[in-house]
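Welcome, and thanks for taking a look at this one with us. Please have the sequence and the model open side by side as you read.

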Amino acid sequence: MIRDVNKRGRSRRLKKVRVAVRVPGGGIVYHYRHKRHSQARCARCGRPLNATPTGPRSIMGKLSKSQRRPNRPYGGYLCPECLRELMLARAIEEGMALLASR
Ligand SMILES: [Zn+2]
């Protein structure tokens with residue numbers, strides 16, 4: 001039975017998810033469906049990112065760059081809260097360095 005399932009190749013199983021479907025005759029056949037794409041997440045806190053659609057390359061390729069991620073520094077990589085904290089920390093660091101050099 002396992003041999004029947006695997007006969008069309010290993011790559012197909014890795015790329016697609018198998019779904020059991022009951023056919024009118026009463027038997028069960030396995031249909032292969034595309035795996036769902038996971039949502040983009042913040043690299044620092046792991047929260048889902050806003051305005052970052054996901055999908056197959058055939059669809060994502062048709063979107064413009066501005067439609068794929070927010071147009072700001074670290075857009076599509078960090079969430080706005082993490083970016084704000086990071087920028088504040090950098091600015092404070094820079095101010096401290098300026099004070100120390102005087
Ligand atoms: Zn974050």
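Here is a short briefing, grouped by topic.

This is a predicted model, in which local features need pLDDT of at least 70, side-chain atom pairs count only at pLDDT 80 or more, and totals for chains, interfaces and linings use all residues. Residues are numbered from 1 along each chain as its sequence is written.

**Overall layout**

- The chain has five helices and two strands; helices (H or I, at least four residues) and strands (E, at least two) are DSSP runs, numbered from the N terminus.
- Of the 102 residues in the chain, 2% are buried; a residue is buried if 20 or more other C-beta atoms lie within 10 Å of its own, exposed if 12 or fewer, and partly exposed in between, with C-beta atoms placed from the backbone.
- Among contacts between residues at least 6 apart in sequence, 25% join residues at least 24 apart; two residues are in contact if their C-beta atoms, placed from the backbone, lie within 7 Å.

**The β1–β2 hairpin**

- Strand β1 (residues 16–22) and strand β2 pair in the antiparallel sense over seven bridges; two strands pair if DSSP finds at least two bridges between them.
- Five residues sit between the strands of this hairpin, and G26 takes a positive phi near 100°.
- None of the seven residues of β1 is buried, so β1 lies largely in the open.
- Strand β2 (residues 28–34) is hardly covered either: among its seven residues, the count of buried residues is zero.

**A closer look at R33**

- R33 is found in strand β2 and is exposed, with 10 other C-beta atoms within 10 Å.
- Leaving aside neighbours within four places in sequence, R33 is in contact with K16, V17 and V19.
- R33 and K16 are 17 residues apart along the chain, yet their C-alpha atoms are separated by 5.5 Å.

**Helix α5**

- Helix α5 (residues 80–101) has 22 residues that should span 32 Å at 1.5 Å a residue, and its end C-alpha atoms are 32 Å apart, which agrees; the expected span of a helix is 1.5 Å times one less than its number of residues.
- The number of buried residues among the 22 of α5 is zero, so α5 lies largely in the open.

- A51 is partly exposed, with 13 other C-beta atoms within 10 Å.
- Y74, in the loop between α4 (65–68) and α5, is a residue other than glycine with a positive phi, near 60°.
- Y74 is partly exposed, with 17 other C-beta atoms within 10 Å.
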